[in-house]
Amino acid sequence: MRLRATIDSDNYYYVGGVNAAGTALKILKNTNGTSFGDYPGYDAVDAKDYLWKIESTQVGATYVIDLESPNGSVKLHKFAKMPYANGINLYDDFACTTEFKINDKVLIGIYEATAIAVDGKTLNAQLGNGFQFTIDTEKDKKATIEGADILSGTLTAVDEYRSHTATDGVTRFQLMTADSSFIVVNTKANWGISGLSDGGLKLAKISKEELAKNAANYWSWFEIAKSAGATDAVSLAGIVAYKEKTTVYGDGEPA
């Protein structure tokens, strides 16, 4: 998990406690507001049990830390001496967290929520008939990402290139462009980086006929992820390509 340097009050995050020995990281559950659990997996339902919206407000020399579960059923009101900076050194203790005490204080970190797959119906609803990518880099917004232009324009998540059926609850799909071409990973084409011949496989745009005829040459199935804590449905966290629709999750490659 990535530790947040700052808090964005518009999104949800995980709240983690680390023990003095640095050997245990537990994530605060919002189901009862008093217990820490193991790091949640990549399941959208499971992730919701650990999400918190967090706000920090300065009152005199004290910082008030408010935590609220997504449905508002659990609210925590805590106090800190310093503003959040890669962690919160709390005056008061969470119940059942004595193992996380360091010098009679509890150091709490705010972490990025896990990434979860977005279903095709949600993506296509962004524009009514599809969605668009805006790709940039975190450190340098002006950096050029070679090959990213192939994802420009309107894309539609489709459940099968032969029928173009709409995806309803399907999180692995093919990507069709506005001219009815398909985005694929070309297994016969590699990027070259600094003299290396294998810098990763290239994305390509091909016709439906080419995909049907030479399907073995391409990975045409994709999963697109977003942060479980993102309140903006179009803030995507990553895209993974798969050889087949039924490939086991985790066996794909970043696209």
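This is a predicted model: local features need pLDDT of at least 70, side-chain atom pairs count only at pLDDT 80 or more; totals for chains, interfaces and linings use all residues.
User: Let's start with the hydrophobic packing. Which residues touch the most other members of the largest nonpolar core?

Analyst: The general idea is that in soluble globular proteins, nonpolar side chains tend to be buried together. Here the largest nonpolar core has 17 residues, and the ones touching the most other members are Phe131, Phe133, Leu175, Ile183, Phe222 and Ile224. Strands E11 (155-158), E13 (182-190), E16 (221-227) and E17 (236-242) each give two or more residues to this core. Apart from it lies another core, of 16 residues, including Val15 and Leu67.

User: Okay, zoom in on Leu175. What does leucine 175 touch?

Analyst: Leaving out residues up to four places away in sequence, its contacts include Phe131, Ile183, Phe222, Ile224 and Ile239. On strand E12 (residues 174-177), Leu175 and Thr177 point one way, Gln174 and Met176 the other, and all are buried. E12 also pairs with E11 in the antiparallel sense, over four bridges, with glutamine 174 standing opposite valine 158.

User: And ring pairs? How many aromatic pairs does a search of the whole structure find?

Analyst: You describe such a pair by the distance of the centres and the angle of the planes. The search turns up one: tyrosine 14 and tyrosine 50, edge-to-face, 6.3 Å centre to centre with 75° between the planes. Tyrosine 14 is in strand E1 (residues 12-18) and tyrosine 50 in the loop between helix H1 (44-48) and strand E4 (52-59), 36 residues apart. Are they buried or exposed? Both are buried.

User: Which residue lies over the face of tyrosine 242?

Analyst: That's arginine 172, at 3.7 Å from the ring centre.

Terms used: Residues are numbered from 1 along each chain as its sequence is written. Side-chain values use heavy atoms; hydrogens and water are left out. A nonpolar core is a set of buried Ala, Val, Leu, Ile, Met, Phe, Trp, Tyr and Cys residues joined through side-chain atoms within 4.5 Å. Buried means under 20% relative accessible area, exposed over 50%, partly exposed in between (1.4 Å probe, protein chains only). Contact means heavy atoms within 4.5 Å. Rings of Phe, Tyr and Trp (its six-membered ring) pair if their centres lie within 6.5 Å; planes under 30 degrees apart count as stacked, over 60 as edge-to-face and the rest as tilted. A charge sits over a ring if NZ of Lys or CZ of Arg is within 6 Å of the ring centre and within 35 degrees of the ring normal. Two strands pair if DSSP finds at least two bridges between them.
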